[in-house]
Amino acid sequence: MSDRLCTVLLYSDDPKVRDRMRLAVGTRPAPGLEIEFVEADDYAGCVRLVDDYEIDLLLLDGEASPGGGLGIARQIKDDRDDAPLTCVVLARAADRWLAAYAEVDATLTHPLDPVTAGTTVAELLRRTHAAA
């Protein structure tokens with residue numbers, strides 16, 4: 001049985017944060033699942049990648065500046081009927097209410113725990129492919 005290849009868009013204005021997200025999730029977060037990452041460091045880059053690639057999941061930094069991951073998640077969901085699932089990494093668990101307003105599908109908190117990050121991303125990607 002071959003692994004299902006999924007594309008995850010990492011967004012943060014900080015390359016170190018994108019590295020931490022990539023390392024926390026890993027390229028094989030669950031059996032039968034392989035991830036390729038694409039990266040954006042601004043809103044325009046996110047939109048361009050969503051338009052140009054078949055993105056399975058957006059993994060967005062909620063603390064990015066000037067465009068935070070919550071705003072980007074909400075805007076992409078508002079603009080697209082076929083918006084990918086979204087997971088936003090927050091600095092404070094108390095900000096989950098904002099994530100609910102932005103209609104994100106899952107949240108993680110800094111510092112990222114690799115087990116939680118990998119499990120969360122794998123569950124979202126399974127949901128994506130189960131609906132397809």
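A residue counts as buried when its relative accessible area is under 20%, as exposed when it is over 50%, and as partly exposed in between. Keep that scale in mind as we look at the charged pairs in this predicted model. Side chains of opposite charge can pair when their charged atoms come close. Twelve salt bridges are found in this structure, and three of them are described here, among them the pair Arg-80 and Asp-51.

- Arg-80 and Asp-51 form a salt bridge, with N and O 2.5 Å apart.
- Arg-80 sits in the loop between helix H3 (69-79) and strand E4 (85-90), whereas Asp-51 belongs to helix H2 (residues 43-52), so their pairing ties together parts that are 29 residues apart in sequence.
- Because its relative accessibility is 23%, Arg-80 counts as partly exposed.
- Asp-51 is also partly exposed, at 47%.

**A pair within helix H1**
- Asp-19 makes a salt bridge with Arg-22, and their closest N and O atoms are 2.8 Å apart.
- These two residues are three apart in helix H1 (residues 15-25), which means about one helical turn separates them.
- Asp-19 is partly exposed, with a relative accessible area of 37%, and Arg-22 is partly exposed at 23%.
- Both residues take part in a network of salt bridges that also links Arg-18 and Glu-39.

**A pair within helix H3**
- Arg-74 meets Asp-78 in a salt bridge, at 3.3 Å from N to O.
- The two are four residues apart in helix H3, so about one helical turn lies between them.
- Arg-74 is partly exposed at 22% relative accessibility, and Asp-78 is partly exposed at 46%.

Technical notes
Residues are numbered from 1 along each chain as its sequence is written. This is a predicted model: local features need pLDDT of at least 70, side-chain atom pairs count only at pLDDT 80 or more; totals for chains, interfaces and linings use all residues. Side-chain values use heavy atoms; hydrogens and water are left out. A salt bridge is a side-chain nitrogen of Lys or Arg within 4 Å of a carboxyl oxygen of Asp or Glu. Buried means under 20% relative accessible area, exposed over 50%, partly exposed in between (1.4 Å probe, protein chains only).
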